[in-house]
Each structure stands twice: as structure tokens, then as C-alpha cells.
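Dear colleague,

I am handing over the structure we spoke about, and my notes follow directly below it. Please read them with the coordinates open beside you.

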Amino acid sequence: MSQLYASIDLGGTKIACAFGTADGEIVAERATPTLSHEGPQAVLARIADLVNALAVETGQQPAALGMGVPGLADVARGVVKFLPNLPTNWRDIPARDSLAPRVGCPVYLLNDVRAATLGELAFGAGRDQPGVTMAFFALGTGIGGGVVVDGRLRLGPLGAAGELGHQTILPDGPLCGCGNRGCLETLAGGPAIVAQGVWLLQSGRAPHLYDIVGGDVSRITPCEMAQAADAGDDAVRDALVRAAEALGIGVANVVVILHPDLVVLGGSVAQIGPLLFDTVRATVQRRVGMFPPDNVRIEPSRLGNQAGLLGGIALAVRGDMGV
């Protein structure tokens, strides 16, 4: 069997682990609850146990481990700097030095959405495109991102370059968790879209959405809203179009700044489908006037919910000099 590499995608509720080959073939996967309330050291021990269990299952120790974390990481030192949504915030946790002796291989850290960007670059939409410049938008509960310039992931001094969801779209707009107002995330993130669906259902303006979710607002997601729009809920369609136009402005900003070859939209909100993509593409055409944006491809993720795990594989293969 080819040499294997390990990947960890650390989430607030789940730790996902995969072993894969250097060409992006995943050969084994496992997941376990994060139980983040137990603290960083307990979570790191659980990660090591997960990796070692897959090593037993595959009969191979991994050559290296790449781990995506939901926050800031010092890539060079392998230290978690700040995880905003986990208890204690994991300030200055030496994850690499803690994990490497337990799993018997080098360990590399990266922000989780930058890891997903690396996955798209190595194994997804950017595969076999040397020197590509691309942007990745992860559209979910929040909006994360990553930027690749001339084939290399751009991290910046804090590993925070590419926070595309926190560009200002609407001055004096809704307050964002980052402290700014009118961030893209507040207008086109999953909760912002769902809030519109809840309001429309409760105000009696979304009868098809009501039928789809059985009147249960807790079941509303952007995908159910897209179904309702297709079924004839014009108000729901208008809400989705407004969110997609806000996203299109964010994409247009990136296009003007970078003139990338490729923009990839991933995450659960991207599953809205053609209504989202058609609106984003039309908005970019309308708002980019300094040069023709015709050759900028705007595509869905080819890796779906595997982007983060495959990004960890790519990180493990490339090491800290390959991002």
C-alpha cells in the first residue's frame, strides 16, 4: 500500500479523522465527539487516540499529520493561538509538541477553512492547475475563506489572510461577531438566510416553505428555502436573491483585487444551487467594470464536505513549507 497521511478536522462538536494517500484518495475515516468542555489536553489526547486507532485499522503509521483548527494557529510553531468557539479559547496551546510524540509523526496545523482551501487547490477545483490564483468561500453558519496566489496559499503573518466573510458589504449594517458591522457573514451566512425564512413563514408569506418543514421553523435551512422558492414562494426567492447578491458583491471585491482564475463556493449554503450561483455570477458581471471578468470561473466545490479532511491530507503531504 502507498504511504499514508493523516488528517484531523477539529470541530466544536466532532473530531473527524482520515487517512489518505498523497494523491488524495481517502482509505479510512473515523469520527468521535469533541467533548470540548473537557479542555484542550483531553481533546488532544482524543485526537491522538483517533489517529492511532486508524493506524491499527490500516496497518500503517502515518507519514505526517495535518490538522485544521477552527481559529488562529501559529503555523511555524504548531501552536493553537485562539479558538473563539471552544471553551477556554485554546490560547497558546502547543498542539504540535503535544501530538507528535503520541502519533509518531510530524504534525502541521492550519486554520480549518484555509485547510479546506488547500484541499480544493490540491485535489479539487484547483487540481492540475500550476500557478493558479483562486479564492475559496466556505458558506455555512459563518463565512470563512482562503486565498491562493500563484499556486500558493496566502496566510499572512498570523495565518489569518483570507477571512473573506468579514469584508464590509453594508456600512452600518448588522453587528457581526467580529465586532464590525455589515460583514458579508451577517448578510449571506446561514443564520442570516434562515432568519429571513423564519420571518416569512411566520408572517404567512411562505406557504410552500410551511408545507416543506411542516410548520416547524427549527427545520428551516437554506436548502429548504431553495425548494420553497422553486415551488413558487416568491418572497423566499427574493430573500435568497438578496443574500446571493451580497455574496456576489463580496466575490466581485475579490475579483477586482486579485483577478483570480477561479472562485470556489463551498459549504452548506452553496447547496442552494443554481439560484445562488447564477445570481453571484450576474452580480460579478454587473459590478466588475475595470476589466472583463468573463474568464473568472465561479464554481461549486468539487470536494463538498470532504474539503477540510482532504486539506489536512494535503497539508500533511506538503508540510509547513508547502502551504
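Is R114 buried or exposed? Before the answer, please keep in mind that this is a predicted model. At a relative accessibility of 0%, R114 counts as buried, because the cut-off for that class is anything under 20% relative accessible area.

This arginine takes part in a salt bridge with E163, in which the closest N and O atoms are 3.2 Å apart. The pair joins distant parts of the chain, since R114 sits in helix α3 while E163 belongs to the loop between β10 and α4 (184–188), and 49 residues separate them. E163, with 33% relative accessibility, counts as partly exposed.

Helix α3, which spans residues 112–123, packs on a sheet and touches β8, β9 (143–149), β10 and β11, its direction making about 50 degrees with that of β9. The sheet itself is open and has five strands, in the order β10-β9-β8-β11-β12, with mixed pairing. Its edge strands, each of which pairs on one side only, are β10 (152–154) and β12 (297–300), and the twist from one strand to the next averages 25 degrees.

Within this sheet, β8 (residues 134–139) pairs with β11 (residues 262–266) in the parallel sense, over five bridges; A138, for example, has G266 in β11 as its bridge partner. A further helix, α9 (residues 274–287), lies across β8, β11 and β12, and runs at about 165 degrees to β12.

- E299 forms a salt bridge with R302, where the closest N and O atoms are 3.6 Å apart. E299 counts as buried at 17% relative accessibility, whereas R302, at 55%, counts as exposed. Both residues also belong, together with R297, to a network of salt bridges.
- D74 forms a salt bridge with R77, with 3.2 Å between the closest N and O atoms. In this case D74 is partly exposed at 22% relative accessibility, and R77 is likewise classed as partly exposed, with a relative accessible area of 45%.

Technical notes:
Residues are numbered from 1 along each chain as its sequence is written. This is a predicted model: local features need pLDDT of at least 70, side-chain atom pairs count only at pLDDT 80 or more; totals for chains, interfaces and linings use all residues. Side-chain values use heavy atoms; hydrogens and water are left out. Two strands pair if DSSP finds at least two bridges between them. Helices (H or I, at least four residues) and strands (E, at least two) are DSSP runs, numbered from the N terminus. Axes are lines fitted to C-alpha atoms, for helices over the stretch in contact, and angles run from 0 to 180 degrees between N-to-C directions. Contact means heavy atoms within 4.5 Å. A salt bridge is a side-chain nitrogen of Lys or Arg within 4 Å of a carboxyl oxygen of Asp or Glu. Buried means under 20% relative accessible area, exposed over 50%, partly exposed in between (1.4 Å probe, protein chains only).
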